[in-house]
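Thanks for coming. I have one structure to go through today, so please have a look at it first.

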Amino acid sequence: MSESSGKSKLKRRHHTVPRLLLRRFADGQRIMRVPLEGGERRLVGIADVTVHRDFYSMLDENGQLDDTVEDLLAELEGKAAKVIREVIDGSWPLPIGERAVLAEWMAAQNARIPAARKAHNEMADHLGKVVIAMGGKPEIRRRLEETSTEPVSDEQVDALWDELTDFDSYYAEMSVNDHMASMGQSMVTAYEVFMARSWGLIRFERRTLLIPDHPVTLVRADDMPSFLGVGIGNAAAILMPIDRRAAIIMASPGHDDFFVRTHTKLAKELNQRLADNARRELFHHPDDNPLDGVDLPPMRDREMMISQSPEGFLMPHDGGVT
């Protein structure tokens with residue numbers, strides 16, 4: 001809804017990692033931020049990290065900002081916070097109702113991250129340009145003739161073709177409304193996958209964990225070829241930190257939920273995997289040193305590796321490679 005609809009003031013600053021999670025890695029309201037670009041590590045307020053302006057705001061039928069999705073996420077976070085407290089206080093395995101709440105919250109966390117939006121944009125941009133390349137000038141002419149009241153000249157077709165096939169000069173993105181629809185669909189799929197898997201609780205007494213800016217971490221199977229992508233369906237395991245001393249790991253389906261025996265080597269392995277899943281930054285409690293023995297990855301600027309560029313789909317008569 002828009003501000004003129006009588007609703008309270010719009011929430012414009014949206015956390016892509018919820019504050020309820022950041023608080024569990026913070027000293028009160030402060031957390032240690034570690035940038036991957038090599039900048040200084042420093043204490044920051046949790047209110048000011050992983051914040052993106054209007055990230056979940058759609059446009060309503062009047063073209064006004066609508067922050068309903070942010071409200072729904074906040075409602076879900078409130079329910080999840082209660083379940084996380086129960087887990088930390090010793091409740092495990094979880095009853096089915098609480099398990100479902102946490103699965104829905106983790107599914108939302110998997111879908112709400114900037115990487116998901118970036119991947120959708122990269123795919124939309126690539127597919128759109130491939131369609132242009134494969135359609136060639138005849139398709140350009142057809143589209144011009146659909147909207148023109150006068151004959152379309154070869155010069156008009158050539159001019160638009162040259163513009164649209166200068167693929168490096170523009171980048172096509174999905175609308176925020178389309179992203180929100182995609183996020184909802186992704187949440188449904190992830191929820192079903194998460195509920196079907198077996199859950200293990202990893203609980204440390206002395207060792208501590210870090211949290212990346214993209215917390216839901218997929219573990220690649222050892223025998224999976226490196227050229228194949230890993231997703232929630234084919235991941236060997238799915239790791240989600242829920243506290244500086246606790247994480248949930250979702251393993252293969254078909255087993256009862258379980259406890260994971262912890263040790264120093266496991267803490268280092270988990271922190272390396274969590275760090276590798278960061279895109280731009282990661283965080284930890286100011287009193288902890290979970291980065292001991294962890295190699296920080298570079299910033300990740302792309303989510304998809306596409307083997308063939310749109311130019312490869314150009315037909316020879318339209319300027320493709322013969």
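In which sense, left-handed or right-handed, does α2 pass α3? The crossing of α2 with α3 is left-handed. Before the details, note that this is a predicted model. Helix α2 covers residues 68–88 and helix α3 residues 96–112, and their axes come within 9 Å, crossing at roughly 125 degrees. Angles from 65 to 115 degrees count as roughly perpendicular and those over 145 as roughly antiparallel, and α2 and α3 are therefore oblique to each other. On the α2 side the contact includes Leu73, Leu76, Ala80 and Val83, and on the α3 side the residues include Val101, Leu102, Trp105 and Arg112. Sorted by class, the α2 contact with α3 has nine nonpolar residues, six charged and no polar ones.

Next, the sheet. It is open, with five strands in the order β9-β10-β11-β7-β12 and mixed pairing. β9 (217–219) and β12 (258–260) are the edge strands, each pairing on one side only. From one strand to the next the twist averages 30 degrees. β9 and β10 (residues 237–243) run antiparallel and are joined by three bridges; Val219 has Ala237 of β10 as its bridge partner.

Two helices pack on this sheet. α3 touches β7, β10 and β11, and its direction makes about 90 degrees with that of β7. α6 (residues 176–196) also touches β7, β10 and β11, at about 75 degrees to the direction of β7.

Lys129 counts as buried because its relative accessibility is 6%. Beyond its neighbours within four places in sequence, Lys129 contacts Phe167, Tyr170, Tyr171 and Pro310.

Notes: Residues are numbered from 1 along each chain as its sequence is written. This is a predicted model: local features need pLDDT of at least 70, side-chain atom pairs count only at pLDDT 80 or more; totals for chains, interfaces and linings use all residues. Side-chain values use heavy atoms; hydrogens and water are left out. Axes are lines fitted to C-alpha atoms, for helices over the stretch in contact, and angles run from 0 to 180 degrees between N-to-C directions. Helices (H or I, at least four residues) and strands (E, at least two) are DSSP runs, numbered from the N terminus. Angles under 35 degrees count as roughly parallel, over 145 as roughly antiparallel, 65 to 115 as roughly perpendicular and the rest as oblique. A crossing is left-handed if the near helix is turned anticlockwise from the far one by less than a right angle, and right-handed if clockwise. Contact means heavy atoms within 4.5 Å. Ala, Val, Leu, Ile, Met, Phe, Trp, Tyr, Cys and Pro count as nonpolar, Asp, Glu, Lys and Arg as charged, and the others, Gly among them, as polar. Buried means under 20% relative accessible area, exposed over 50%, partly exposed in between (1.4 Å probe, protein chains only). Two strands pair if DSSP finds at least two bridges between them.
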